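Subject: Structure handover

Hello,

Here is the structure you asked for. Please open it first, then read the notes below.

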Amino acid sequence: MKNLNYEKNIKIDEKDALIIVDMQNDFLPGGSLPVEDGDLIIEEINMTAKKFKKSGGFVVLTQDWHPKNHLSFASNHQGRNPGDEFMSEDGAIGPVLWPDHCVQNTKGAEFHKNLKLDLSDKIIQKGMNPNVDSYSGFQDNDKKSETGLRDYLESINIKRIFVCGLALDYCCYYTAMDGVDFGYEVYFLVDLTRGIDVPEGNIKNALENMINKDIKFANKVSFK
Ligand code: VGL
Ligand code: ZN
């Protein structure tokens, strides 16, 4: 893989939005679908959110918000286990089945207690249709319905989005890719994500696809 090239001297203004993806208990250590070291990015995400607010930018949280009967859960398929390969024809579910996670109104679906919710301007929930998963913060996996994120960003005249949170190779990745398709200049905050890497090699693939999509990469030292 090519080395990631980090942008420098980014100055945040009122046309910029930080998209903090799925920083929920179930994706953090101790949760049902924990992303390794996911907790290590919380403080830096808070600092970055503060920077956006101070500079006139916006902060959006996404929240995975599934009904109990969601078909991405292995428990809703006879004889299947979390991690089993599963791909529905229209891409609505897959490429693997998950443990039950982020079930509506459970502790696991709540944002981590250390995440500074008062810095956020908007919460976008996704994954409510039991038959379709929604990795992207913008739309369902089958691309048939949107979450409201695009409408919100349009209403406040956002031109650039900065993606961070969990997980790098699922919800962050799909959010970033859709961001490009929906006309935004997209920055991926690599330090402020952690990945699942299921199936193996998934993180590498995601990064390569984002490079090829002309998504820009940023880290701690990228901001002015
Ligand atoms: C996610 C798998 C299932 C994520 C959500 O937030 O990356 N991954 N649901
Ligand atoms: Zn989910």
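The largest nonpolar core has 66 residues. A nonpolar core here is a set of buried Ala, Val, Leu, Ile, Met, Phe, Trp, Tyr and Cys residues joined through side-chain atoms within 4.5 Å. Buried means under 20% relative accessible area, exposed means over 50%, and partly exposed lies in between (1.4 Å probe, protein chains only). L153 and F188 have the most contacts inside this core. Helix α3 (residues 168–181) gives the most to it, with 7 residues. Another core lies apart from it, with 5 residues, including A74, A92, I93 and V132.

A word on the ground rules. This is a predicted model: local features need pLDDT of at least 70, side-chain atom pairs count only at pLDDT 80 or more, and totals for chains, interfaces and linings use all residues. Residues are numbered from 1 along each chain as its sequence is written, chains are lettered from A and ligands numbered from 1 in the order in which they are written, and side-chain values use heavy atoms, with hydrogens and water left out.

Back to L153. What does L153 touch, not counting residues up to four places away in sequence? Its partners are A17, I19, V60, F138, I158, I161 and Y184. Contact means heavy atoms within 4.5 Å.

**Helix α1**

Helices (H or I, at least four residues) and strands (E, at least two) are DSSP runs, numbered from the N terminus. Helix α1 covers residues 42–54, which is 13 residues. At 1.5 Å a residue it should span 18 Å, and its end C-alpha atoms are 18 Å apart, so the two agree. The expected span is 1.5 Å times one less than the number of residues.

Which residues of α1 are buried? They are I42, I45, N46, T48, A49 and F52. They cover an arc of only 165° around the axis, which puts them on the same side of α1. The arc is that of the directions from the helix axis to the C-beta atoms. What covers these buried residues includes β1 (16–21), β2 (58–64), β4 (160–166) and β5 (185–194). After α1 comes G56, with a positive phi near 90°.

**Helix α3**

The 14 residues of α3 should span 20 Å at 1.5 Å a residue. Its end C-alpha atoms are 18 Å apart, which agrees. Is α3 enclosed or open? Of its 14 residues, 11 are buried, so α3 is largely enclosed by the rest of the structure. Among the buried ones are L168, Y170, C171, C172, Y173 and M177. The buried residues of α3 pack against β1, β3, β4, β5 and α4 (202–212). Just after α3, G183 takes a positive phi of about 95°.

**Ligand 1**

Which residues surround ligand 1? They are D22, F27, D64, W98, H101, Y135, L166, A167, Y170 and C171. A residue is near a molecule if one of its heavy atoms lies within 4 Å of it.

- H101: an N or O atom in its side chain is 3.1 Å from a nitrogen atom of ligand 1.
- A167: a backbone N or O atom lies 3.0 Å from an oxygen atom of ligand 1.
- C171: a backbone N or O atom lies 3.0 Å from an oxygen atom of ligand 1.

**Loops and backbone**

A167 sits in the loop between β4 and α3. The peptide bond from L166 to A167 is cis, with omega near -10°. A cis peptide bond also joins G94 and P95, with omega about 10°. P95 lies in the loop between β2 and β3.

C102 is in the loop between β2 and β3. Its phi is positive, near 45°, though C102 is not a glycine. N105 lies in the loop between β2 and β3. N105 is not a glycine either, and its phi is about 65°. Which way do they face, buried or exposed? C102 counts as buried, at 0% relative accessibility. N105 is exposed, with a relative accessible area of 70%.

Last, S134, in the loop between β3 (122–126) and α2 (149–155). At 1% relative accessibility, S134 counts as buried. A polar atom of its side chain lies 3.3 Å from the backbone oxygen of S136.

Best wishes

Methods. A polar contact is a pair of N or O atoms within 3.5 Å; within protein, one must be able to donate a hydrogen and the other to accept it, and residues adjacent in sequence count only if both atoms are side-chain atoms.
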